[in-house]
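Hello,

Here is the structure for you to look over. My notes follow below it.

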Amino acid sequence: MNIGSNLNVANLGPRSQKPSIGALVLYVGLGILFIAAGVFALKQNEVDPNWTKVSGKVIDSSSRIDDGTTMYSPIVEYKVDGQLYEVTSRISSSIHPNVGEERDVAYNPTSPNDAKIAEALSAMWFLYIFPLVGAGLILMGLISFLNLRKRSKIIDSAMPMDVGAASPTPPNDPTSPSPSI
């Protein structure tokens, strides 16, 4: 018996008919995890609007090896009230920063040593991917669950109620054997 587009009820086992709450929980859980990681990373790199912004210069870089690739973080020097300070970027790249290049620095006016490099959006674009992937996982989980639920209802309505039970024959059925007396 065919239902819908190429849905053959006879080939489906009982487990393939039921929507999976476990899969829904997995997709939604992973989605929430991705969103939380993205929001956390974005908040870590967010600059307080009350902080003062000044221009600084790249004086060096710190480097580390990550999966066989050398990653560089610029070290920027900036000046507050005639005093020099340094800050290292929290964002790393495989591209070596140019010494002497100007970068904006935001610092806490009450504690000028507390500073962040005001990274351009182009340096942080990948952080926005995490919340987007998370939202996609949640959406995919909900759509899959709803489709399975709809499919389950179609299959349930197409299947006989009691497959294994013999149905009684109607009393006036000419093909039924006559009772022997």
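**Salt bridges and partly exposed residues**

Glu-101 is partly exposed, at 29% relative accessibility. Here buried means under 20% relative accessible area, exposed means over 50%, and partly exposed lies in between (1.4 Å probe, protein chains only). Please keep in mind that this is a predicted model, where local features need pLDDT of at least 70, side-chain atom pairs count only at pLDDT 80 or more, and totals for chains, interfaces and linings use all residues. Residues are numbered from 1 along each chain as its sequence is written, and side-chain values use heavy atoms, with hydrogens and water left out.

Glu-101 has a salt-bridge partner, Arg-103, with the closest N and O atoms 3.1 Å apart. A salt bridge is a side-chain nitrogen of Lys or Arg within 4 Å of a carboxyl oxygen of Asp or Glu. Arg-103 is partly exposed at 22% relative accessibility.

How many salt bridges does a search of the whole structure find? It finds three. One joins Glu-102 to Lys-57, with 3.8 Å between the closest N and O atoms. Glu-102 sits in strand S6 (residues 102–108) and Lys-57 in strand S3 (residues 52–66), so this pair ties together parts 45 residues apart in sequence. Glu-102 is exposed, with a relative accessible area of 53%. Lys-57 is partly exposed, at 43%.

Another salt bridge links Asp-66 and Arg-64, at 3.4 Å from N to O. Asp-66 is partly exposed at 34% relative accessibility. Arg-64 is also partly exposed, at 42%.

**Chain and sheet**

The chain has three helices and seven strands. Helices (H or I, at least four residues) and strands (E, at least two) are DSSP runs, numbered from the N terminus. From the N terminus on, the order is β-β-α-β-β-β-β-β-α-α.

Five strands make an open sheet in the order S5-S4-S3-S6-S7, with antiparallel pairing. Its edge strands are S5 (83–88) and S7 (111–117), each pairing on one side only. The twist averages 40° from one strand to the next. For the angles, axes are lines fitted to C-alpha atoms (for helices over the stretch in contact), and values run from 0 to 180 degrees between N-to-C directions. Two strands pair if DSSP finds at least two bridges between them. S6 and S7 pair in the antiparallel sense over four bridges. Val-105 stands opposite Ile-117 in S7.

**Helices**

Helix H1 (residues 21–45) has 25 residues. H1 reaches 36 Å from its first C-alpha to its last, close to the 36 Å expected at 1.5 Å a residue. That expected span is 1.5 Å times one less than the number of residues. The buried residues of H1 are Leu-24, Gly-31, Gly-38, Ala-41, Leu-42 and Asn-45.

Arg-149 lies in helix H3 (residues 129–158). Arg-149 is partly exposed, with a relative accessible area of 41%. The C-alpha atoms of Arg-149 and Ser-20 are separated by 8.6 Å, though the two residues are 129 residues apart along the chain.

**Whole-chain totals**

The chain has 181 residues, and 27% of them count as buried. Of the contacts (heavy atoms within 4.5 Å) in the chain with a separation of 6 or more, 62% come from residues 24 or more positions apart. The accessible surface comes to about 12,700 Å², with 58% belonging to carbon and sulfur atoms. These areas come from the Shrake-Rupley method with a 1.4 Å probe; for residues, only the protein chains shown count as cover.

Best wishes
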